[in-house]
Amino acid sequence: MAAASASVWVVVSHWERPGQGAKHRVKLRAPLIVRLGFDVGLYTSLVYPVLVAVEPGWTYEGWANWSSSEDRPVQAMGLVVWMVGIAVLLWASRVMGRHLAIDGLGEDHELVTHGPYRYVRHPVYASFVAIAVGTALVFRSYAVLGMSLLLLVTGLWWANAEELLLGSTEGFGDAYRTYAASTGRFVPRLGGHGAR
């Protein structure tokens, strides 16, 4: 898990790099507390498995971890959630490409409705939360579970802000609203077919 988390961080950072210097048509301005909270929540979940590999005594068996008779099934479920989160993140990051790191809309930004975006509007945020929750369950960590909640709250802020922008006249307007009506926000809609 440690090697995979570190690798995902490197790969996604590489994919984000081209978008960081992109020219914006419209830029979202998040409050500092939202930006910091999101980054702390995300990077905690990516770095924690590495910390466990380096110092398992205080990260895996320390006072900030729970233990119960159901540890093995909970950890197995956490590993599955984590793996799904990693897979969706890599898929969504690849599909979004250089626009992944843009806080708003780039000058040449197009509405992406294929890949995981065919099923959900925010697969990257959903995958970040899945990775964090999965990590918390695998390592039975109260700290990572708390960071998962922080990531969820700040991710909701970003998703709301993006949806307002994308559905506006500055964004994609009716095209986005039609797409949003046929896809789930963070998980696929039951019985839905996604945007075509």
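This is a predicted model: local features need pLDDT of at least 70, side-chain atom pairs count only at pLDDT 80 or more; totals for chains, interfaces and linings use all residues.
Biologist: What makes R140 worth a look, in terms of phi?

Modeller: R140 is not a glycine, yet its phi is positive, about 50°. Most residues other than glycine have a negative phi. R140 sits in the loop between α5 and α6.

Biologist: Why is R140 called buried?

Modeller: Buried means under 20% relative accessible area, exposed means over 50%, and partly exposed lies in between (1.4 Å probe, protein chains only). R140 has 5% relative accessibility, so it counts as buried.

Biologist: How do you know that the length of α4 agrees with its residue count?

Modeller: The expected span is 1.5 Å times one less than the number of residues. Helix α4 covers residues 71-96, which is 26 residues, so it should span 38 Å. Its end C-alpha atoms are 37 Å apart, and that agrees.

Biologist: Which residues of α4 are buried?

Modeller: Among them are D71, Q75, G78, W82, G85, I86 and L89. An α-helix has 3.6 residues a turn, so residues three or four places apart point the same way.

Biologist: What makes W82 a buried residue?

Modeller: Its relative accessibility is 6%, so W82 falls under the cut-off for buried.

Biologist: What does W82 touch, leaving out residues up to four places away in sequence?

Modeller: W82 touches M1, A4, S5, A130, I131, G134 and T135. Touching is contact, meaning heavy atoms within 4.5 Å. W82 and V138 are 56 residues apart along the chain, but their C-alpha atoms are separated by 8.6 Å.

Biologist: Why are α5 and α6 described by the word they get for their direction?

Modeller: Axes are lines fitted to C-alpha atoms, for helices over the stretch in contact, and angles run from 0 to 180 degrees between N-to-C directions. Under 35 degrees is roughly parallel, over 145 roughly antiparallel, 65 to 115 roughly perpendicular, and the rest oblique. The axes of α5 (residues 123-139) and α6 (residues 142-166) cross at roughly 175° and come within 9 Å. They are therefore roughly antiparallel.

Biologist: Which residues make that contact?

Modeller: From α5 they include Y125, F128 and V129, and from α6 they include L151, L152 and W158. The contact residues divide into 12 nonpolar, 3 polar and 1 charged. Nonpolar means Ala, Val, Leu, Ile, Met, Phe, Trp, Tyr, Cys and Pro; charged means Asp, Glu, Lys and Arg; the others, Gly among them, are polar.

Biologist: What makes D108 partly exposed, and is H109 buried or exposed?

Modeller: D108 has a relative accessible area of 42%, so it is partly exposed. H109 has 12%, so it is buried. Leaving aside neighbours within four places in sequence, D108 is in contact with R98 and H99.

Notes: Residues are numbered from 1 along each chain as its sequence is written. Side-chain values use heavy atoms; hydrogens and water are left out. Helices (H or I, at least four residues) and strands (E, at least two) are DSSP runs, numbered from the N terminus.
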